[in-house]
Amino acid sequence: MATTHVVSLFLPYTINFHGQDLPSPEDRPLPDAGPQPGPQFRPVPNRAASTLDLITKGSNADISRSSTLDLNSKPSTASLFRQVTPPQTPGAAGEGLNHFGPEARKRHFARPGDPRSLVRSEAHVPEWGAQAVFNQPMSRAGPLPSNSILDFAKVHDELSQEKLNEARRKQRKRRSPPSQGSRAQSVERFAGQSWTVEPAVQGNGGLTNACRNADGSEEDITWTGTLGFPTDALPDSVKEDIHDRLLNEYQADPVYIADKDFQGHYSLFCKTILWPVFHYQIPDHPKSKAYADHSWGFYKAVNDAFAAKVVASYKKGDVIWIHDYHLLLVPGLVRQKLPDAQIGFFMHTAFPSSEVFRCLANRKELLGGMLGANLVAFQTDEYAQHFLQTCSRLLTVEATVQGVQLEDHFVNVTHAAIGINPALIHEARQDAEVQEWVQTIGERYEGKKIIVAIDKLDNVRGVRQKLLAYELFLNKYPEWRERVVLIQVAISTNEHTELLTTVADICTRIDSVYCTLAHQPLVFLKQDIDFSQYLALLTVADALVISSLRDGMNLTAHEYIFCQDGKGGPKKHSPLILSEFTGSAAIFGDNHVSINPWNYKQQAESFKKALEMGDEEKSKRWNGLNDVVLSRTGKSWKDTLSDALAKVYKEHHLRDSTSIPRLSTTQLVQKYKAAQRRVFIIDYEGTLAPHKTSTGIPLSSPQRVLDTLNELLGDGKNVVYIMSGRKPEELETIFHTVPTLGIIAENGCFMREFGAQSNDWQVFVNLDKTKRWKRDVKAILQYYQERLEDSTIEERHCSLLFRYDKAPDQEMAHRQAGESANHINDACSKLKIHAVPISKAILIEPVNFSKRSAATHIFDGLRNKNTASGLPHADFLMVAGDDREDEVVFRWANELGAEGQIQDVTTVSVGHRNTEAQNTLTQGTTGLLSVLHKLVKASAETTASDYFSRPSRDRNTSHN
Ligand SMILES: O=P(O)(O)OC[C@H]1O[C@H](O[C@H]2O[C@H](CO)[C@@H](O)[C@H](O)[C@H]2O)[C@H](O)[C@@H](O)[C@@H]1O
């Protein structure tokens, strides 16, 4: 049975090992020690009380281990920061405990014994390899090479040396039998361990929830992803057991990646390069990470491993959905192996503007990878537009609202915002623990207003900006100081120590200025909270603030709106304060309180506005928001995307030149002979005659083309048009020996009617207006021409061509050409012209006139003429072409055929491109000439044989 492969970096499941002889923390490998023999487990830390526990249960808990804020014993926020040693780089030393504590186990709401549970959509998870939640193996990756730009050259040399050593090691291994060395001993301890399948700690909770039904079940899905912890230390037998159980019982196919590759991929390339760039954090000082660093190799290795896994488990008819920025290369890699597969790609994070994306050293490979999909989808229209513009600028391809036109195929681009799973949240909030927390928090803060904020302490979440704005709010509105509390849950990662310090400073300031013996207006929790506390906070909040500087969506906002409906606690309908830079803001209309998080003053005002909002307005706004949350759920997102993919896949398949039949000359001859009135519309360059270089086609055309056209025109039943992008006078010169030929020039801006005088041209465009836009556009093009060696501007009456085929630096030429096209499209959007990349040139032409509009004109003319004479206007139409401009004529002709307006319609694409034509002719221009010649010959033979087979008395009268 066909399945949908949901391919995401992390599976929704992980493994918890339950050995009898779990190692103590002292057994952990030492920093920089590399792979170590011996115990490989981290114990689960002693249970530490969470802050919210402390709120109610007193301060007996070991606060130094839990990094919590005990409101009863009131340590200052500053002391809180001092108590906690920031964790070290995961995998390097195996540290990184305590931020999550045992509460992080409850990131999900699980039915007993069933890991298919609701998870928090935007959970704030520990770094990979931190072993903060379950007993799992340590990373054997050892320290990775530095990715500081200052060490670039050194690392480069080291890596080259390492490659050499690796090759030598492999050679030695091939020569000698496998040893029973330390690695074999160290993995032994895992062989007999018992383990359980648990809901994942890492990964995209929004995606997991969207793929689950109201009862937690999933249909026809196979998950592909990693287990979320280092697996080098597991023996193959354990890996196989885990694989078999996950696949059989949970439809989850684990991908095992070498620890070093995973760490280099995730902690380096994803987290220090892609994530900041996609969220507009562009480092510009020497301490920042290099854009072109060695971690690209790790990124590729992980993407390769994923692609190999997908290809191996794919069966004909399956659908493949690849998710998020970790796996940008996978669509392209899978496409290479499975050219006919149905592949969708969804980007969960924001996609930056082309100006930012182009900073990435591997930008073309990344785009090429994404374009391996049939459908590339984003959360919002804005991100989709950024992607289209990036492709157009960096790859110099034509990007339309529907997608990207590549050399020989089309990739559709769309947007669909992910949503939440209301039914599962509703079930979860019925849990007694949630109810208890609702009551507890309500009692603890009775008489106060609670502003809630739940973020990962990462530069993109705008926590610093939020705290500064809150400080300003307290300063400006003293009447609120004793009546409001901001509960900021913020999980830090070890990467952001600078941010942590700044945030600590602000917290200290707020504490020292506004904290009193009776009231603390800021509760800063530098640890995660469990799922029931999360739901309870969202339920009782008087406002939620999301101040992200950039965020793909942000489903915490959606979960908050849902929790405020009064069915899991008090009916609050509290306001949502939401950054305009989140995807969610794009779908919520104007019912939230919108902020630019950089505008501290505005953000401070938004707190006041939210806290003082009247009940009526609150309910009105909340109803609007809730409508969006309930109508745009995770399920509807998933259904919309799978319908869209199925539709475009069908279209692509129909247009795929390998699935379009070759033109059958025999059938065509039969139709031709049967027809009374035939119309031919044939493209010139690339279809009837080969393409020539930028110097243009030679004005003396091949005699064979002219002879064939004259032969066709020799039959009085035939009406023949040539279509071309060239100027009328050029075409007139080329075809001066074919006097009655109809000509469409400059892609439909001019037309000489069939049978008209040689210089009798119809002009469809307004030439004065055309002159004006050409002058403006030429000025833009000249700017680019001056910067691009050996580029030229070719001027036609109604269009301009910026040619760069002779430019010595083609990389630069592509970039300049792409820039110029975007520049013109942006600057001249009101002029009804567009700039489109064609082969080695940018064509700037009017949007309202095309070969299709000219073809329609021809057909209307024939219809009018023949209606008057009583003859059929046409019962045979043949359209032949080879490139983008001809596709619109194919579509038009196919429509006429489908509507029955013309009995026999034949559309032929010469060459190998994906096309809307119904037939292909792969033999090129000479192939088409032979077909046309055969038609004429067959018809002449018919006429002769008809003549001689008729009685002689008829023969004598036939010309009367
Ligand atoms: O931290 P990562 O493991 O690299 O994953 C990135 C984030 O993925 C999820 O967020 C993304 O998807 C959400 C749902 O589509 C979307 O709302 C958000 O804007 C995206 O960034 C996950 O929820 C986050 O915790 C991860 O950090």
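User: What share of the 960 residues of the protein chain counts as buried?

Analyst: The chain of this predicted model has 32 helices and 31 strands. Among its contacts between residues at least 6 apart in sequence, 75% join residues at least 24 apart. Of the 960 residues, the share that counts as buried is 57%.

User: How many of the residues of strand β20 are buried?

Analyst: Strand β20 covers residues 678-683. Arg-678, Phe-680 and Ile-682 point one way from β20, while Val-679, Ile-681 and Asp-683 point the other way, and all are buried.

User: Which residue is the bridge partner of Ile-681 in β29?

Analyst: β20 pairs in the parallel sense with strand β21 (residues 718-723) over six bridges, and there Ile-682 stands opposite Ile-722. β20 also pairs in the parallel sense with strand β29 (residues 876-881), over five bridges. In β29 the bridge partner of Ile-681 is Val-879.

User: Which strands stand at the edges of the open sheet of eight strands?

Analyst: The eight strands follow the order β24-β23-β22-β21-β20-β29-β30-β31, with mixed pairing. An edge strand here has a single partner strand, so one side of it is left without a neighbour in the sheet. The strands in that position are β24 (761-763) and β31 (919-921).

User: By what angle are neighbouring strands of this sheet turned against each other on average?

Analyst: The average concerns neighbouring strands of the eight-stranded sheet, with direction ignored. Its value is 20°.

User: Which residue in β24 stands opposite Phe-750?

Analyst: Strand β23 (residues 750-752) and β24 run antiparallel and are joined by three bridges. Opposite Phe-750, the residue in β24 is Val-763.

User: What angle does the direction of helix α24 make with that of β29?

Analyst: Helix α24 (residues 665-674) packs on the sheet and touches β20, β21, β29 and β30 (904-910). Another helix, α25 (residues 703-713), lies across β20 and β21 and runs at about 150° to β21. For α24 and β29, the angle between directions is about 135°.

User: Within what arc do the buried residues of helix α12 fall?

Analyst: Helix α12 spans residues 363-370, and its buried residues are Arg-363, Leu-366, Leu-367, Gly-369 and Met-370. An α-helix has 3.6 residues a turn, so residues three or four places apart point the same way. Seen down the axis of α12, the buried residues line one face of the helix because they fall within an arc of 155°.

User: What is the relative accessible area of Thr-925?

Analyst: Thr-925 lies in helix α31 (residues 925-949). Not counting residues up to four places away in sequence, it touches Gly-686, Thr-687, Leu-688, Ala-689, Pro-690 and Val-910. Thr-925 is buried, and its relative accessible area is 15%.

User: How far does a polar side-chain atom of Lys-271 lie from an oxygen atom of the ligand?

Analyst: There are 19 residues around the ligand, of which Glu-122, Tyr-266, Lys-271, Tyr-325 and Asp-551 come nearest. A backbone N or O atom of Ser-121 lies 3.2 Å from a ligand oxygen atom, and one of Gly-552 lies 2.9 Å from a ligand oxygen atom. For the polar side-chain atom of Lys-271, the distance to an oxygen atom of the ligand is 2.6 Å.

User: Which strands are the edge strands of the open sheet of six strands?

Analyst: The six strands have the order β16-β15-β14-β17-β18-β19, with parallel pairing. Each edge strand pairs on one side only. The edge strands are β16 (522-525) and β19 (593-595).

User: Which residue in β17 stands opposite Ile-451?

Analyst: Strand β14 (residues 449-457) pairs in the parallel sense with strand β17 (residues 543-546) over two bridges. The residue in β17 opposite Ile-451 is Ala-543.

Methods
Residues are numbered from 1 along each chain as its sequence is written. This is a predicted model: local features need pLDDT of at least 70, side-chain atom pairs count only at pLDDT 80 or more; totals for chains, interfaces and linings use all residues. Side-chain values use heavy atoms; hydrogens and water are left out. Buried means under 20% relative accessible area, exposed over 50%, partly exposed in between (1.4 Å probe, protein chains only). Helices (H or I, at least four residues) and strands (E, at least two) are DSSP runs, numbered from the N terminus. Two strands pair if DSSP finds at least two bridges between them. Axes are lines fitted to C-alpha atoms, for helices over the stretch in contact, and angles run from 0 to 180 degrees between N-to-C directions. Contact means heavy atoms within 4.5 Å. The arc is that of the directions from the helix axis to the C-beta atoms. A residue is near a molecule or strand if one of its heavy atoms lies within 4 Å of it. A polar contact is a pair of N or O atoms within 3.5 Å; within protein, one must be able to donate a hydrogen and the other to accept it, and residues adjacent in sequence count only if both atoms are side-chain atoms.
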